[in-house]
Structures are given as structure tokens and as C-alpha cells.
Amino acid sequence: MDAPFKIIVRRRPEATTPVAPEDFATMPPSYQVTELLGDGIGAELSRAVHALADALPVRLEFRAVDLTLENRRARGKAVYDEAVEAVTGSIVALKYPTITAEESPNAVLRRRLDLSVIHRPVTTIPGVPSNFRRELDLDIVRIATGGTYDDPGRPIGDDGAVSLRIVERRPVREAARYAFNLARRSGKRVTSASKYTIQQATDGLFEAVAKEVAIQYPEVPHGVELFDALLGKVIMNPEKFQVVLTLNEYGDFLSDMACGLAGSLGIGASANLAFDKAEVVRVAMFDAAHGTAPDIAGQNKANPTAIFLALAMLLTQLGETAVAGAVRGATLDLLRDGIRTGDLGGSESTESFAAAVAAEVGRRLTPGPAPAR
Ligand code: ATP
């Protein structure tokens, strides 16, 4: 079962006037997308996403939920109730950066939507400055719950402290199935990584579940690495690693290391996924790895690359792989060609970069001979 790719929320747009059946069949597919509006540069990023969405051959019907700090403070829990209802209804959501103040919106949404798996692709982008001289193309699939992150720990007397390390079969199985489906679809190999030799009960369970799932995908190569060794090997031989399946905190460490190697801490994007009982994606929330960038908010300087890559992941989830490929390819190719915002040494504004990507996507998706670039 292709769990991560099963959901298709495809609808025909609401017609305000009667539509003939032959016209109906040629109308562009339409999808509902919840937009979780945030703080800082969030408003500019949303405008950039809309400019790009307008150039796509699919219709994205955005429903906005206001997760700005001001609205969260004014409305409290009701805002999250609205967000959960909207995301559950639309199945896919695009989330903009939010300020963590009294609470972390990411943590609340993760808990309330039962988002148990995070998928973070990290690639080096030709032309984007980096200290790393090699090419990296990693898909990090991380269990979003447990590990040592769910228990804040407690002191034992004055001189010690203890916390629980939690590994549960269900999220490991969901993450493993997602990783193997991803690898099967893209002809890649999966590496599971943990400290199973030392954390024998917890990480042993993780590797046992990973193996159980691997058996169901005989065509997908599966390797096992100790997590500390993996870090060194990714730096020395990045080409040997493709899809990496790992536990919560390890995935967190590996994501930041990989982003640092790629020189692109600010341009990463993630999918946060929840699954139903049949292990099919129930909801998927896509976001940028960077924060709210308050120092440049409202100045038309924000780089929308990460949110565009998040949008490309969302389109892939909807099954619109050609459109997703065009969005991702156009964004990365323009960066490579030096069309960049100030944070990457370029002179584009948020608006002009978004317009350039939209135009390039339009060219790529227009039927006819391949455009010369
Ligand atoms: P937060 O508290 O929301 O995490 P922050 O400022 O601590 O905010 P980031 O928002 O990640 O952390 O910003 C770190 C630096 O990177 C800032 O100088 C910011 O301007 C820059 N930055 C982050 N995202 C972007 C972006 N999309 N475009 C341009 N610069 C960015």
C-alpha cells in the first residue's frame, strides 16, 4: 500500500453558473488547502505563495486560519480548535512561521493533530554558498514523538537527574512505511540509524520494527547504521545515503547537521504527517524550517524559497507530481542562476523572486517544445 501517496483531495471547483459536462471535464483540478497564518515575515510569504499558486494549472482553494500571536492571545484555545477542524477537513495545510510565546504552536498542533512523522529533504543547491564541497541529497524521515523529547525528566536528590526514553511501535511503523514508500517511489535505499547496541530495549525495538517493515519492501535496499557512525559517514561519503529513518532526537540532530552542510539552514522545508489506522496519511502539514525573521519583517526582503519547497511537497502529497516538480525545479534553478534574495547574496525582493518563480513555472508547464533557458 502506498500510504503516503494515497490521499487525493481532488475536487472540481464550485461552479457559479451551470457548466456543460464537456467543459466540466476540462476544468482544472481543485484542492482545499488550509493556510495557517503566522507572525513576522509570514504575511509576505503568504502573498508570495498566492502569487505562485495563481500561476499553477491546478486551483488551490486556500482557507486561512489566523495563528498570529495577537489572535492566539485574543482567542486562546478557540484558534487551535479552528485550525484543527480546518486541517482535518482539507487534509493538507501550509503553515507559516509563528512566534513561540506562552505556547509553541508547532507543539500544540503536533499533539492535537497527532503528527507522528516528520519528513525533511535536505539537498545542496548549486550556487548556494556552503563550506561543504560534496553533493548531499538526503530525505530524513524522523519519528516526531518520543525518544528523550517527551519527558522533561526529574532530579534525583541534589546531584542527579533522570528522564525516560520512549519508543513506541506505532509511530516507528508509520515512519518506516513512509520511508520505504518514498524510497520505492524514487528508486532509493533506506538506512535506519539508532544506538541499538547500547539502548538495546528502545532502539532495539526501533530497529526490529524497521526490519519488519523492510521485509514488506524486498525491492528497496535497507541498511542499518549506528547513529554516531552515520554522522561521520554522511560527511565522508554523502552519496551513500538517501532516505534515513531515525528516532526523534537523532532526526533533529541530523537535520541541522545536514542543513549546515548544505549551507541552507534558512531554506529547508518539512512535511509533518499524521496517519489513520490503515497507515494512510490522514493529515499533512507543510512548513519552512526557518523562524519568523522579525528583523526583516514587512520589508519585502524575506526569502520565500523554503515555503515554495514546502508547497512543492504539498503538491506531491496531492499527487500533482509534475506541478510539484516544476515548482521545486524552477525555484532551485533560479537560485543556481543567481536569481536570489538578499540573504543569499542576491538583489531580488520577496515579490520579484516570487514573480520570477511563477513565470518560470508557467513556462515549464506550458505544453509545447521545452523552453530554452
Ligand atoms: P524565531 O524566534 O521566530 O525563531 P529568529 O530571528 O530567532 O526568529 P529566524 O527567524 O530563523 O530566527 O531568523 C534567523 C536569521 O535568519 C535572521 O537574521 C533572519 O532575518 C534570517 N532569516 C530567517 N528566515 C529568513 C527568510 N525566509 N528570508 C530571509 N532571511 C531569513
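Let's start with Arg 72. Is Arg 72 buried or exposed? Its relative accessibility is 5%, so Arg 72 counts as buried. Keep in mind that this is a predicted model.

Arg 72 has a partner. Glu 103 forms a salt bridge with Arg 72, and the closest N and O atoms are 3.2 Å apart. Look at where the two sit. Arg 72 is in helix α3, residues 69-75, while Glu 103 is in the loop between β3 and α5. That is 31 residues apart, so this pair links distant parts of the chain. Glu 103 has 22% relative accessibility, so Glu 103 counts as partly exposed.

Why can such pairs form at all? Side chains of opposite charge can pair when their charged atoms come close. How many salt bridges does a search of the whole structure find? The search finds 27.

Next pair: Lys 77 and Asp 81. Their side chains meet in a salt bridge, 3.2 Å from N to O. Both residues are in helix α4, residues 77-90. They are four residues apart, so about one helical turn separates them. Lys 77 counts as exposed, at 59% relative accessibility. Asp 81 counts as partly exposed, at 29%.

Arg 165 lies in the loop between β7 and α6, and Asp 203 in helix α7, so the pair ties together parts that are 38 residues apart in sequence. Both residues are buried.

Salt bridges can also share partners. One network joins Asp 333, Arg 336, Asp 337, Glu 360, Arg 363 and Arg 364.

The largest pocket holds about 770 Å³ of space. It is lined by 35 residues, and the closest to its centre are Asn 106, Arg 110, Arg 120, Arg 142 and Asp 287. Which element gives the most to this lining? Helix α9 does, with five residues. By class, the lining of the largest pocket has 14 nonpolar, 13 polar and eight charged residues.

The second largest pocket has about 560 Å³. Its lining has 30 residues, with His 119, Pro 121, Asp 139, Met 313 and Arg 328 closest to the centre. α11 gives the most to this lining, with six residues. The classes here are 15 nonpolar, ten polar and five charged.

Strands β4 and β5 each give two or more residues to the lining of the largest pocket. β4 and β5 also give two or more residues to the lining of the second largest pocket.

Methods. Residues are numbered from 1 along each chain as its sequence is written. This is a predicted model: local features need pLDDT of at least 70, side-chain atom pairs count only at pLDDT 80 or more; totals for chains, interfaces and linings use all residues. Side-chain values use heavy atoms; hydrogens and water are left out. A salt bridge is a side-chain nitrogen of Lys or Arg within 4 Å of a carboxyl oxygen of Asp or Glu. Buried means under 20% relative accessible area, exposed over 50%, partly exposed in between (1.4 Å probe, protein chains only). On a 1 Å grid over the protein atoms alone, a cavity is a set of points where a 1.4 Å probe fits but cannot get out, and a pocket is an open set with protein on both sides within 12 Å along at least five of seven lines; lining residues have an atom within 4 Å of a point. Grid points are joined across faces, edges and corners, and a volume is the space filled by probe spheres set on the points. Ala, Val, Leu, Ile, Met, Phe, Trp, Tyr, Cys and Pro count as nonpolar, Asp, Glu, Lys and Arg as charged, and the others, Gly among them, as polar.
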